[in-house]
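User: I have a structure to go through with you. Can we take it piece by piece?

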Amino acid sequence: MSDRIVYLNGEWLPETEAKVSIFDRAFLFGDAIYEVTAVVNGKLLDYPGHTARLNRSLNEIGIKAPVSDDELLEIHREIVRKNEITDGLIYLQISRGAADRDFTFKSDLKPTITLFTQVKDAVNNPQAETGISVITVPDQRWRRCDIKTVQLLYPSLAKMEAKSRGADDAWLILDGMVTEASSATAHIIDANGKLITRQLTTEILPGITRASILDIAKEAGVDFEERAFSPEEAKNAAEAFITSATAFVTPVVKIDDTVIGEGKPGPVSKKLRELYIKSRIELSI
Ligand code: PLP
């Protein structure tokens, strides 16, 4: 915690003065959608993708956006200015609103919208140099993982399990196949240099960074295939990596007890990370 200025329902407030009702459905039911957008050099990365996914998620659970797309962009820009963020992230959450506790809800609730910033130098993340280690755990999340809800208890427990076992993150396994990482998309590179990433279904979040990486792979002549892969295939892959708004491309050098490739970030992961950072900074707004 620090002395940030946060946004709450149309107001700019010191973080200690921003108060949300204990009856808010985000608090009682995890009934809320969120997005995380990276800020580099004071500008927003991959912003159009994040707004499009936000609107899709809201639509899927029937929450009406409390602000227009133009207003939302202006709020993002203003929060960067107010907090003098050069490198970091913006967290945005929209809940269905507050009402007496009831599983059913009325359609006229007033959504609660909050935004706050966090400082983070995602470009110079030391994990990009060393790579990270992951463990595999069962994917026990609800089955609409394509919606970016704040129901993050399982990913949070999976990350704690990884930490307790000396690893950095967890990859989730459903029906013998990798779905995704606890808070990122999972990818591998096969022996021929082909990128393999799971196809988009309700079983994974449609990662905005994933979409950018596939565009970049196309432009850079990196062949790719969208299909599920098993943990065994991943352990035998030439390279593995995760993508997310704030991890960008982060190499994975160990899965459970198996060292991937030479145990250090491989050439394709490194190239994709470089191209991602360069191209998205150029396109940032
Ligand atoms: N998958 C999950 C479960 C996530 O939580 C995230 C990011 O938070 C991602 C994938 C990556 O999505 P994006 O690249 O849009 O950050």
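Predicted model: local features only at pLDDT ≥ 70, side-chain atom pairs only at ≥ 80, totals over all residues.

User: Start with helix 3. Which of its residues are buried?

Analyst: Leu72, Leu73, Ile75, His76, Ile79 and Val80 are buried in helix 3. Seen down the axis, the buried residues fall within an arc of 160°, so they line one face of the helix.

User: Why would residues some places apart point the same way?

Analyst: An α-helix has 3.6 residues a turn, so residues three or four places apart point the same way.

User: What should the span of helix 3 be, and how far apart are its end C-alpha atoms?

Analyst: Helix 3 has 14 residues, 69–82. At 1.5 Å a residue, it should span 20 Å. Its end C-alpha atoms are 20 Å apart, which agrees.

User: What follows helix 3?

Analyst: Glu84 follows, and its phi is positive, near 50°.

User: Now the largest nonpolar core. Which residues touch the most other members?

Analyst: Ile113 and Leu115 do, in a core of 22 residues. Strand 3 (32–40), helix 2 (47–61), helix 3, strand 5 (88–95) and strand 6 (112–119) each give two or more residues to this core. Helix 3 supplies the largest share, five residues.

User: What is Leu115 in contact with, leaving aside neighbours within four places in sequence?

Analyst: Its contacts are Val6, Tyr7, Ile75, His76, Ile79, Ile90, Tyr91 and Leu92. Ile75, His76 and Ile79 are also among the buried residues of helix 3.

User: What does the second core include?

Analyst: That separate core has 19 residues, including Ile173, Ala234, Ala240 and Ile242.

User: Switching to pockets. How much space lies in the largest pocket?

Analyst: About 1100 Å³. Its lining has 48 residues. Tyr34, Lys159, Ser182, Ser183 and Ala184 lie nearest the centre.

User: Which elements give two or more residues to that lining?

Analyst: Among them are strand 3, helix 2, helix 5 (153–164), strand 9 (177–181) and helix 6 (208–220). The largest share, five residues, comes from helix 5.

User: Last one, Thr179. Where is Thr179 found? Is Thr179 buried or exposed?

Analyst: Thr179 is in strand 9. Thr179 is buried, with a relative accessible area of 1%.

User: What does Thr179 touch, not counting residues up to four places away in sequence?

Analyst: Thr179 touches Asp139, Arg141, Leu172, Leu174, Arg198, Glu203 and Ile204.

User: And what separates Thr179 from Thr112?

Analyst: They are 67 residues apart along the chain, and their C-alpha atoms are separated by 31 Å.

Methods: Residues numbered from 1 in each chain as written. Heavy atoms only, no water. Helix = DSSP H or I, 4+ residues; strand = E, 2+ residues; numbered from the N terminus. Expected span 1.5 Å × (residues − 1). Buried < 20%, exposed > 50% of the residue type's maximum accessible area, 1.4 Å probe, protein only. Arc of directions from axis to C-beta. Core = buried A, V, L, I, M, F, W, Y, C linked by side-chain atoms within 4.5 Å. Contact = heavy atoms within 4.5 Å. 1 Å grid on protein atoms, 1.4 Å probe; cavity = no way out; pocket = protein on both sides within 12 Å on 5 of 7 lines; lining within 4 Å. Points joined across faces, edges and corners; volume = space filled by probe spheres on them.
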